[in-house]
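Here is a short briefing to read alongside the structure. Have the viewer open, and we will walk through a few spots together.

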Amino acid sequence: MRVMMKGNEALAEAALRAGCRYYFGYPITPQTELMEYMARRLPEIGGTFLQAESEVAAVNMVYGAAGAGARVMTSSSGPGISLKQEGISFLASAELPCVIVNVMRGGPGLGTIQPSQGDYFQATRGGGHGDYRVPVLAPSSVQETADLVFESFDLAEQYRTPVLLLTDGVLGQMMEPLRLPEVRTPRTSRAPWITDGCKGRQRRIVKTLYLDPRALEAHNLHLQAKYAQLAREEVRSEVYGIDGGMDVLIVAFGICARAARTAVDNLREKGLRAGLFRPVTLWPFPGAALEAAALAARHVLTVELNAGQMVEDVRLALSGREIAFHGRMGGIMITASEIEAEVQRISEGSEAA
Amino acid sequence: MSRAASIRPKTLTAARFHYCPGCGHGVAHRLVAEVIDELGLREKTVGVASVGCSVLIYNYLDLDMQESPHGRAPAVATGIKRVLPDRIVFTYQGDGDLASIGLSEIVHAAARGENITVIFINNANYGMTGGQMAPTTLPGQKTTTSPAGRDVTRAGYPLRMAELLAGLDGPVYIARAALYNPAQVVRAKKCIRKAFLCQERGMGFSLVEILSSCPNNWGMEPTAALRWVETQMTARYPLGVFKDATVPTVRGDTAGSREDSSPEPGK
């Protein structure tokens, strides 16, 4: 059955269907509907919703709950995610699974409550202190938002890591029809690292402190091996209109990829061969898939709602190639026609040369 | 020494304490371990270590434990307790951790009436980083960041955490004890025991503030440090029970009793 839902609410409902029974959060626009949905629904199904006194407290409640074996999540937006970074670094080091949602808004600082993709650097570089990475999934529709919640919990538990689900103010606020994922029975996790009282066994410790530098290096190498495995096995991307040679390959993620997709259709009607490459995992970045897709393109254009953040990963993946960039900031959405004009300019510019 | 004092509590591991000579953490750890043993809680308890000298408490207590970021132990404990309401969850925090960076977390955990127990060690300075001024540093007390003595016109006044938290509706038991002589150690243990019992009976938030010595950072001999706790610290931080909503006389009272608030504090 298809239903109409706001992105934020679809995300919350999908999390419940994925077995999430604990939510700790703090209100911030434009993600508040997610929190309100949890406040309404969790008590009805025997779960726990708690409005924390701050984003800092919320993420640490997540830490405690994850260590106690719960399927747990928190959500926030830009400024709130910055406050959670201390906790995310600890979660990464302690190897505790959880899902953290960032419904991005314009920054820096308080910025605006309008959509943005300005948190790409923070999301994909770990964000907090120390050497660590967090898997980052970026949906581009309400349906995909719901679907990727399941993926996020699975990845979190399989790899014992916090997973970041990165959406934005448009995806969170817009309504679309979707098919809600089937209810999944929560896995009653009796994992051998959970601290729930040492009855009949040796005690367990959840910790991040390694005073011996060799022990800390060994811990870091262990974490890095996990990130290498993620980079090998959990890379996701989508292509559109990539058949044969292309004049321009557009690279875009999240809501921006929606506008780019429309632009590809319109450009093709006008006879310009355009294609779209959309990373679904922002980290690990689908560099090899992008390289393959870009082989058949004369030009590559990266489009983002920021000053040029993912474009750095695109340049790394396609080293040596000239990459065009178009971005908007301040919470302004890029339109399909804006992208079309940019593609035409790049394409014509090369023909004139 | 009584016979009991010579027997290592089951909850205490065989690891040697790393604490400085004359530091109160060893005694406080032991008291917590004895209480957990005596109440038979070892296998159903999850402890939360905080940042500070006692961050390594998980090396000494033979329990499931989580280490938490600086000041966040009450939030971590909240997460654990909400998932495992039938377990005993306690935090062990210093004064820099609880009264400064973690003030928000402790106040709100207390205000929620979170059914956890907090052991709060107050030694009037930041021990781990080498004796800096804490929110609990006494007026005139010299520390590495108040080298001329704490000047209240610039640094303000110390926080009395037990009194502050006792003013909230959420907690059921708030007490302050000290470790400067054997009689006080016995009293401190009684307070810790009562705090854990409050939680076991599902009554709500309990906290014991323990005045403890830090001879190394205070630049004192251990015995002089104990005297300083007894004379100087207790003058600023009086010992006693600041809130006890477990006894019937207080329950029947009007102001501050738990019966007043119609919605039951969250469990």
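This is a predicted model, so please read it with that in mind. We begin with a residue in a strand of chain A, then turn to helices of chain B.

**A residue in a strand of chain A**
- Ser76(A) belongs to strand β4 of chain A, which covers residues 72-76.
- Ser76(A) has 0% relative accessibility and therefore counts as buried, since the cut-off for buried is under 20%.
- Beyond its neighbours within four places in sequence, Ser76(A) touches Ile28(A), Gln31(A), Glu55(A), Ile81(A), Lys84(A), Val101(A), Asn102(A) and Val103(A).

**Two helices that cross in chain B**
- Helix α2 (residues 25-38) and helix α8 (residues 182-200) of chain B have axes that come within 9 Å and cross at roughly 50 degrees.
- α2(B) and α8(B) are therefore oblique to each other, and the crossing is right-handed.
- On the α2(B) side, the contact is made by Val27(B), Leu31(B), Val32(B), Glu34(B), Val35(B), Ile36(B) and Glu38(B).
- On the α8(B) side, Val185(B), Ala188(B), Lys189(B), Ile192(B), Arg193(B) and Phe196(B) take part.

**A bent helix in chain B**
- Helix α10 of chain B has 15 residues (222-236), so at 1.5 Å a residue it should span 21 Å; its end C-alpha atoms lie 20 Å apart, which agrees.
- At Val229(B), α10(B) bends by about 35 degrees.
- Val229(B) is also one of the buried residues of α10(B), together with Ala225(B), Trp228(B), Met233(B) and Thr234(B).
- These buried residues pack against β4 (117-122), β5 (173-178), β6 (206-211) and α9 (215-218) of chain B.

Methods:
Residues are numbered from 1 along each chain as its sequence is written. Chains are lettered from A and ligands numbered from 1 in the order in which they are written. This is a predicted model: local features need pLDDT of at least 70, side-chain atom pairs count only at pLDDT 80 or more; totals for chains, interfaces and linings use all residues. Side-chain values use heavy atoms; hydrogens and water are left out. Helices (H or I, at least four residues) and strands (E, at least two) are DSSP runs, numbered from the N terminus. The expected span of a helix is 1.5 Å times one less than its number of residues. The bend at a residue is the angle between axes fitted to the seven residues ending there and the seven starting there. Buried means under 20% relative accessible area, exposed over 50%, partly exposed in between (1.4 Å probe, protein chains only). Contact means heavy atoms within 4.5 Å. Axes are lines fitted to C-alpha atoms, for helices over the stretch in contact, and angles run from 0 to 180 degrees between N-to-C directions. Angles under 35 degrees count as roughly parallel, over 145 as roughly antiparallel, 65 to 115 as roughly perpendicular and the rest as oblique. A crossing is left-handed if the near helix is turned anticlockwise from the far one by less than a right angle, and right-handed if clockwise.
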